[in-house]
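Take a moment with the sequence and the 3D view. This report starts with one residue and then moves out to the whole chain.

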Amino acid sequence: MANLNGSASDLRATFLDVYSKLKSELLTDPAFEWTDGSRQWVERMLDYNVPGGKLNRGLSVIDSYKLLKEGKNLTDDEVFLASALGWCIEWLQAYFLVLDDIMDNSHTRRGQPCWFKVPKVGMIAINDGIILRNHIPRILKKHFRTKPYYVDLLDLFNEVEFQTASGQMIDLITTIEGEKDLSKYSLPLHRRIVQYKTAYYSFYLPVACALLMAGEDLEKHPTVKDVLIDMGIYFQVQDDYLDCYGEPEKIGKIGTDIEDFKCSWLVVKALELCNEEQKNTLLEHYGKENPADVAKIKALYNELNIQGAFAEFENKSYVKLNSSIEAHPSKSVQAVLKSFLGKIYKRQK
């Protein structure tokens, strides 16, 4: 195992080594009679969808566990187990994204075509998503079955998957209900979608995995969940902002929130700030695929100074999150939360 007291690239290299080990275990899983064709398909599907992102969620499990151990050197076994849990989150993320891209009819993801857009894949991607989801309990069973926190881990992943799917459901039905009715969009609705669709699995799950591994009882850390949910909401507002104002080559995708009639923070904020005439512009042009309509919405965002409103939101969120973190009694938990906040504050991608 690489030395984890070294650089971030050492940690990433170690983490990717664990991916290779888990992948080879899954490709020889005795519960299925493999053929060369099925093994090649699954390997290609895994390599295309699982390790290609920034890996922030997965790496955060190791970072968080290390901080909870207060600087003690981790054993090879601890590094492997924390990495395996990190990869379970990356597998979960891959499963969500493969299916999400089909639902949204997206074109690119992480700078390459969405999996279902790859020649000869198409709707087989739905089953691939199901396979990705089913790999998680296989990994947990193989490596954590003898651990005292095994059942808690299974519960945690099941709960978070349910919350995320429910958040996705609110998001999807909001965009069709009443045939595109912007009056339904509000900050509380936006918060609710984000809390369930993104914050639980992207922010709470990595820290909860690390806490369980460190022998902690999650029930005793309700404030940790609250802070991480708030952080996840802040992160998604940044994401909504970057969808419109980010550079596609930096963020790895072409933003389509305006065309997709998404309940984005930007449109919700615009509804809050606009006068009647501006509201009519929103109603007329939001959710249309024509580039001229999209350009009108972007011009209106500039007119309303949505960029300034976002900067104000970002600063307020940062101050509030910092004070909530400093109120936590455990210094090691504070360190975990501060590390998370440091990674996302003022990000560009």
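Is I130 buried, partly exposed or exposed? The model is predicted. In this model, the relative accessible area of I130 is 41%. Buried means under 20%, and exposed means over 50%. I130 is therefore partly exposed.

I130 sits in helix 5, which covers residues 124-144.

Now turn to helix 6, which spans residues 150-176. D171 lies in this helix. The relative accessibility of D171 is 4%, so D171 counts as buried.

What does D171 touch, leaving out residues up to four places away in sequence? The list is I193, K197 and K262. With K197 there is a polar contact as well. It joins the side chain of D171 to the side chain of K197, at 2.7 Å.

E25 is found in helix 1, made of residues 8-26. Its relative accessible area is 17%. Buried means under 20%, so E25 is buried.

Which residues does E25 contact, once neighbours within four places in sequence are set aside? They are K142 and H143. The side chains of E25 and H143 also form a polar contact of 2.7 Å.

## The whole chain

The C-alpha atoms fill a box of roughly 65 × 55 × 35 Å along the principal axes.

How does the radius of gyration fit a compact globule? For 349 residues, such a globule would have a value near 20 Å. The chain has 21 Å, which agrees.

Of the 349 residues in the chain, 53% are buried. The chain exposes about 16,600 Å². Carbon and sulfur atoms supply 52% of that area.

Methods. Residues are numbered from 1 along each chain as its sequence is written. This is a predicted model: local features need pLDDT of at least 70, side-chain atom pairs count only at pLDDT 80 or more; totals for chains, interfaces and linings use all residues. Side-chain values use heavy atoms; hydrogens and water are left out. Helices (H or I, at least four residues) and strands (E, at least two) are DSSP runs, numbered from the N terminus. Buried means under 20% relative accessible area, exposed over 50%, partly exposed in between (1.4 Å probe, protein chains only). The radius of gyration is taken over C-alpha atoms; the globule rule is 2.2 Å times the number of residues to the power 0.38. Accessible areas come from the Shrake-Rupley method with a 1.4 Å probe; for residues, only the protein chains shown count as cover. A polar contact is a pair of N or O atoms within 3.5 Å; within protein, one must be able to donate a hydrogen and the other to accept it, and residues adjacent in sequence count only if both atoms are side-chain atoms. Contact means heavy atoms within 4.5 Å.
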